[in-house]
Amino acid sequence: MTIAAVERAFKLLEALADEADGADLTVLAERLDLPVSATHRLLATLAERGFVTQDPQSGAYGLTLKLSQLAFRNLDLRGLPDAGQIVLDGLARATREYCRLAVVEGESLTWIARAQGATAGLRYEPPMGMGIVLHATATGKAWLASLPEAEALRIVCARGFGGEGRTGPNALGDVDALRQHLGETRSRGYALAVEEGEIGTVAMATTFRAGPDAGAAVAGTLSVAGPLPRMQEARRSEIAAALATAAREMAVIWPLRRRQIGGLPAVSTEAAIRLAPTETSA
């Protein structure tokens with residue numbers, strides 16, 4: 001298979017990921033700007049490998065769960081969700097809002113775990129499969145603020161400020177605004193996004209390190225998000241303190257994730273959290 005064919009196959013998978021009920025062959029061909037015959041060949045190959053299935057009644061093509069299975073297999077091998085879920089659950093209980101864990105992958109972030117802390121009223125629970133718009137989310141800005149400024153600006157400018165239409169009314173639109181927000185994030189110790197990622201929502205986030213040492217690399221972020229009426233300024237200091245505590249705890253247990261998978265003796269997650277140092281790691 002040529003490089004072009006591989007690229008087309010990935011684009012086809014990405015297109016099908018947005019279709020809960022599947023899509024017709026002609027629709028997919030038009031969307032990808034490919035001949036129907038070429039699109040059909042790609043679909044047939046993906047179906048043969050078990051990634052795509054065709055509805056016998058409607059004829060629509062859709063993804064199977066094979067991609068999800070592969071993703072979960074990889075996450076299990078890396079031990080990422082299990083290592084952080086207890087901390088994330090604690091953060092959700094403390095804040096009573098929707099919390100997420102994201103990890104650094106190259107020049108981006110990927111959400112890998114979540115916990116819902118809201119027990120009454122409005123529940124904010126966005127999908128986990130959407131990519132993170134770095135300049136328009138608290139999660140993205142928390143990580144960008146941990147980088148040298150020139151590097152952070154380069155990453156965002158390479159992607160553009162459009163955000164593929166997935167931004168809220170207050171999303172940052174230029175380099176100067178981003179530079180100001182990143183400076184504020186460093187001063188506060190956490191990132192804040194008020195209706196930047198999505199209308200009617202507020203999010204706060206901080207980074208955590210790959211170990212308790214102050215010089216350890218930033219491994220990911222922890223975030224708290226909820227409806228604007230519940231996430232007013234009066235609550236933000238309380239949530240910021242909970243985020244700092246969770247970041248400390250995550251830094252302590254993060255190095256244990258591979259040892260737990262390999263079956264080697266390791267401090268339990270609960271015990272590791274009790275050993276967390278008092279200073280914040282983010």
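Which hand does the crossing of H7 and H8 have, left-handed or right-handed? Some notes on that and a few other spots, bearing in mind that this is a predicted model.

1. Starting with the opening question: H7 and H8 cross in a right-handed way. H7 covers residues 149-159 and H8 covers residues 175-188; their axes come within 11 Å and the crossing angle is roughly 135°. That makes the H7/H8 pair oblique, since angles over 145 would be needed to count as roughly antiparallel.

2. As for who touches whom in that pair, H7 puts in Glu149, Ala152, Leu153, Val156 and Cys157, while H8 answers with Val175, Leu178, Arg179, Leu182 and Arg186. Sorted by class, the H7/H8 contact comes out as 7 nonpolar and 3 charged residues, with no polar ones.

3. H1 (residues 3-17) packs on H2 (residues 25-32) at an angle of about 120°, and the axes sit 11 Å apart. So H1 is oblique to H2, and the crossing of these two is right-handed. From H1 you get Lys11, Leu12, Ala15 and Leu16 in the contact, and from H2 there are Leu28, Arg31 and Leu32. The class count for H1 with H2 is 5 nonpolar, 2 charged and no polar residues.

4. H2 also packs against H3 (residues 36-48): here the axes come within 9 Å and cross at roughly 110°. H2 and H3 are therefore roughly perpendicular, as angles of 65 to 115 fall in that class. Leu25, Leu28 and Ala29 are the H2 side of the contact, and Val36, Thr39, His40 and Leu43 are the H3 side. In this contact of H2 with H3 there are 5 nonpolar and 2 polar residues, and no charged ones. Have a look at Leu28 in the viewer: Leu28 is part of the H2 contact with H1 and also of the H2 contact with H3.

5. E6 gives the largest share, with 3 residues. By class, the lining of the second largest pocket splits into 14 nonpolar, 6 polar and 5 charged residues.

How values were computed. Residues numbered from 1 in each chain as written. Predicted model: local features only at pLDDT ≥ 70, side-chain atom pairs only at ≥ 80, totals over all residues. Heavy atoms only, no water. Axes fitted to C-alpha atoms, helices over the stretch in contact; angles between N-to-C directions. Helix = DSSP H or I, 4+ residues; strand = E, 2+ residues; numbered from the N terminus. Parallel < 35°, antiparallel > 145°, perpendicular 65-115°, else oblique. Left-handed = near helix turned anticlockwise from the far one by under 90°. Contact = heavy atoms within 4.5 Å. Nonpolar A, V, L, I, M, F, W, Y, C, P; charged D, E, K, R; others polar.
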